[in-house]
Amino acid sequence: MKWRPPTAMHTRQVRGAPARPSGPSRIARIGAPSLVALSSAIVVLALLTCALLIPGFVLPASAETTSSTQVTPDSAGPDGSARAATSGTAPADSAPSNPATGRKLVTLAWGSGNGQVGLAQPVEGLTRGPEALAVSPDGRIAVLDSVNSRLVLLAPDGAAAGTIPLTLTEPRFLAVDGTTIYVLDADTDHQLVSFDWQGTPLRAAQVPAQDDVVTGLFITDDGPCVEIAHDQVFLVEFKDNSKPTVAGQAVKAAKPAVAALHGTAGRPVDRDLGKAVKLTFKPKDGVKIRRYKVDKKSLKGDQTQSAAPAFKAGKPIEQLVSVDGDGQGGLIIGARLRHTKADPAGAPSLIIGRLPAGATGDAPVLANTLTLSDSPFAYLGQPYVVAPDGRVYQPVGSEQGYAIMVYSLPGLTPVAAAPASATTQEVQP
């Protein structure tokens, strides 16, 4: 899910230097230089001689020398575009100029066969491929192949494990755990459906219409949660008559019962409804994070932490991307970096950092950061997802197909994944 970019940017007025005096106040008597002017000329001549004859000697910079430039949050124009601001020194903690190197798990060819995913390339409009992927605690992967209206299932090593057909018109959101797969069409059918990993339909529910857009789907041990406008999170309560009547087939939109939505404090962390987090960003104020302990009966939250974590980015943040648990009590926060025209092709556009469970202070620095570049070939939904063990999975599109890259945050040792259930069977296309 993407966080909304800010709609307005705050600019800082730069006062101009006082005008140089003119007219009678600038008197220079031609042919009669003062002693001060003569001394200055001698000093300049001496410096030029040293610069030419003495190795390593550097002329001192004048007051009007232009220093290196960097983009800062306060240097953004009113339309959100970046504007260069001078800085005497480069930032000490600049982000790497090249993105992190990950491990390619698998490349799925474009198509509709087994182990393939669809690619839509309209004459006019957006080229798009799968719109979501999700990783279970044991490493299995579900890819939402929205072009072919199905789920593509992969084993932890990337091997094809089958497909599950979908009858939803515009499936966009996906969430999984070790036993269940949830798919949400929040735009057309307004339905949330679920399956087991063998493809058997489990439950379906009509999601009540909201005043704003759905921006996320999460799964907890107590059920799925839907996020609205990156702000409100609701636990979905299925009704008793929301079960499919035909086992082994995709759930058809036969107007299942309307689900009840119960508001909770924020995004669930590590699939635990009792732990929630809210993350906000404003260019002027930076990133703000609040953590809550949630009572699972009342769903009311008590705030346990408030902080303003900072990235060692070297560049300003344009917008937040996501916040996830790292599987060890900490948080993994991702943001999009603001690009400038001076950036080389392929420069990192995403920065991901970790806030460890034991981080203290009001302004902790996000540790163990890595940077990634976007995949411009096609729209692939969220630019990355975080697995339950803290590893980062990034979809990358190219002419060759849909690749899944895997990254580990420096300093974070992923918890060993539980083995897949012995009863797991391959789902045939």
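Let's start with how this chain folds back on itself: among contacts between residues with a separation of 6 or more, 53% join residues 24 or more positions apart. Keep in mind as you look around that this is a predicted model.

What is the chain built from? It contains one helix and 27 strands. Of its 429 residues, 43% count as buried. The chain exposes about 22400 Å², and carbon and sulfur atoms supply 53% of that area.

The pLDDT averages 77 over the chain, and 70% of the residues score at least 70. Residues 1-38 have a pLDDT below 50, and this stretch has 52 contacts in the model beyond near neighbours in sequence. Residues 47-94 are also below 50, with 63 contacts beyond near neighbours in sequence. Where pLDDT is low, the predicted coordinates should not be read in detail.

Four strands form an open sheet in the order β13-β14-β15-β16, with antiparallel pairing. Which strands stand at the edges? They are β13 (214-220) and β16 (260-264); each has a single partner strand, so one side of each is left without a neighbour in the sheet. On average, neighbouring strands of this sheet are turned by 30° against each other, with direction ignored.

Strand β15, residues 232-237, pairs with β16 in the antiparallel sense over five bridges. To find a spot along the sheet by eye, look for Phe234, which stands opposite Gly263 in β16.

Definitions and conventions
Residues numbered from 1 in each chain as written. Predicted model: local features only at pLDDT ≥ 70, side-chain atom pairs only at ≥ 80, totals over all residues. Heavy atoms only, no water. pLDDT = per-residue confidence, 0-100. Contact = heavy atoms within 4.5 Å. Pairing = 2+ DSSP bridges. Helix = DSSP H or I, 4+ residues; strand = E, 2+ residues; numbered from the N terminus. Axes fitted to C-alpha atoms, helices over the stretch in contact; angles between N-to-C directions. Buried < 20%, exposed > 50% of the residue type's maximum accessible area, 1.4 Å probe, protein only. Areas by Shrake-Rupley, 256 points an atom, 1.4 Å probe, with all protein chains shown as cover.
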